[in-house]
Amino acid sequence: MNITFLGAAQTVTGSCYVIRTGDVRFAVDCGMVQGNSAIEVRNYDTETYDPEHLDFILLTHAHIDHSGLLPRMVKHGFAGNIYCTAPTADLAALMLEDSAHIQETEQEWKSSHNQRKGREADITDEALYLTEDALATAKQLRAVPFGEAFEPAPGVRVTFRFAGHILGAALLDITVTEDGKSTRLVFSGDLGRPGALLLPDAETPETPDWLFVESTYGDRNHKGENDTLEELSEAIAYSYQHKEKVLIPAFAVERTQEILYSLILLRKQGRIPADMPVYVDSPMAAKATKIFVKYASHLRAPDLTLEDINKPEYAVTYTQTVKDSQELNLRKGPAIILSASGMCNAGRIRHHLKHNIWKPGVSIVFVGYQAMGTPGRKLVDGAKTLRLFGDELNVEARIFTINGFSAHAGQSQLLDWIGSMARPGMNVALIHGEPKAQTILAGLIKERFGITPVIPEYLEELSIQPGTLPAVHQPRPEASRPRVDWNFLMQEMDQRMAQLRDRMAHASDLPWEEQLELRDRLAEIEHDLFVFLSHM
Ligand SMILES: [Zn+2]
Ligand SMILES: [Zn+2]
């Protein structure tokens, strides 16, 4: 048996592992690569996936970094079944259609941009796929129940088991039989945090021959996991007292429902006043919430079920049209508004920020990861002003950051999960993580369980024969590690330095406080450069 790592190999996104055994060739996940343009070009390298010769695909969960290239495969000849759990099938259909819409919009923007700039088109100007491809993909999704083994092809037995993480997320327990000998593989998918509010803990299968485990948080634990409801209620009390709004930027799928559930718990405990309504201002979130209600039996809900969300006493309103959304800004008095995107870089949340961020008494509550460079990250890092729709606005709102909603297991939780299966003879491969996190986790796995994990890289092939040591082969080293363009980066640096010198000529005209702030920030950058140089 051969396993090729086509994504999430020493990176987090683009999960895809192609397994070949005898005449059967199948994939675990087929996710989109997200990051800088140098790595996103891999999304267009469809030949490497050879979709026409894939017999079937096993999908762990609906997140785009696991499902986002499925429509691309269908567009290029993949005609087989995509097996997943029932909630994943519904969520994937919703998310892939949305993803296709984003691809189409980006393509329109690129082609008009190219025309204006007179730039020649290249492969990445083509939309990865269109809405029709996403709709065709939805027809190939096949729901299978948790915990029941099935045989998608002769010699391959598969069981989907609870992984926590998001609604419908599964880990895969696969037995491959070749020449009468069986090998068991477990793919973790993305592993949830044990004790999460909405989802049950990940199951622990019996010890497999090979464990392929995600390592997103291999280098760190989550902080302050237990105070999430306290922190949320603190923000609500603060804004209620000032008769202002609480804004919660949240990803439309999973995080929004988790927050809604938390709000209902608080409402039941009397910690949200009756005259403080909750608005969900995201059509996508409204659709996703319906799917959560449909599959409420898959959720852990000790005090109430998600079906209760729509009871009138909880005062949750879903706004649909842009007009409904705009009316929220005219509405006086305290309210809680959940809206997307979670990092404030797109979507309706930006309008709510524009109308509220400069008001003392407003709360902005961050409940998810904020990537570098996004408005959300700037606010979390304490920005005093924020640029929105061309205006530089003062940040007078209070910023809250709640860490306890992470959908991924932290380091010690990953180790506990691996430890519950670790026996002599079990092999471990680390996937879905940055190299730094993987190296640290690998060290701890070696120390605790005496197992040295392999850390496959992009395009690497692992060959597994029962009773022999695994062999690793890299067919295209130049594709896995393309040359780094240092010249380009150095030119950019030179340009920035020239700009800095220009602007510095006028720095002493600025108000004194502003000069102090700029000086401190520049000193930080200088210090970073000093540290960087000392590492070279
Ligand atoms: Zn995920
Ligand atoms: Zn993932």
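This is a predicted model: local features need pLDDT of at least 70, side-chain atom pairs count only at pLDDT 80 or more; totals for chains, interfaces and linings use all residues.
Residues are numbered from 1 along each chain as its sequence is written, and chains are lettered from A and ligands numbered from 1 in the order in which they are written.

**Domains.** Begin by colouring domain 1 (2-220 + 407-480), domain 2 (228-401) and domain 3 (500-535), whose bounds come from an automatic or database domain assignment. The centres of domain 1 and domain 3, taken over C-alpha atoms, are separated by 43 Å.

Next select the open sheet whose eight strands follow the order 6-5-4-3-2-1-21-22 with mixed pairing; strands (E, at least two residues) and helices (H or I, at least four) are DSSP runs numbered from the N terminus, and two strands pair if DSSP finds at least two bridges between them. At its edges lie strand 6 (141-143) and strand 22 (471-473), each of which pairs on one side only. Neighbouring strands here are turned by 25° against each other on average, direction ignored. Strand 21 (residues 461-463) joins strand 22 in the antiparallel sense over three bridges, and Glu 461 can be found opposite His 473 of strand 22. Then show helix 5 (residues 86-117), which packs on the sheet and touches strand 5 (81-84) and strand 6, its direction making about 150° with that of strand 6; such angles run from 0 to 180 degrees between N-to-C directions, with axes fitted to C-alpha atoms, for helices over the stretch in contact.

Move on to a second open sheet, with six strands in the order 7-8-9-10-11-20 and mixed pairing. Its edge strands are strand 7 (150-153) and strand 20 (427-431). Inside the sheet, strand 10 (residues 181-187) runs parallel to strand 11 with three bridges, and Phe 187 has Phe 212 in strand 11 as its bridge partner.

**The core.** Leu 172 and Ile 248 have the most contacts inside the largest nonpolar core, a set of 131 residues. Such a core consists of buried Ala, Val, Leu, Ile, Met, Phe, Trp, Tyr and Cys residues joined through C-beta atoms within 7 Å, where buried means that 20 or more other C-beta atoms lie within 10 Å of the residue's own, exposed 12 or fewer, and partly exposed in between.

**Strand 15.** Among the bridged residues, Val 246 is partnered by Ile 336, and Asp 281 stands opposite Ser 339.

**Helix 17.** Finish with helix 17 (residues 512-535), whose count of buried residues is zero among its 24 residues.

Technical notes:
Two residues are in contact if their C-beta atoms, placed from the backbone, lie within 7 Å.
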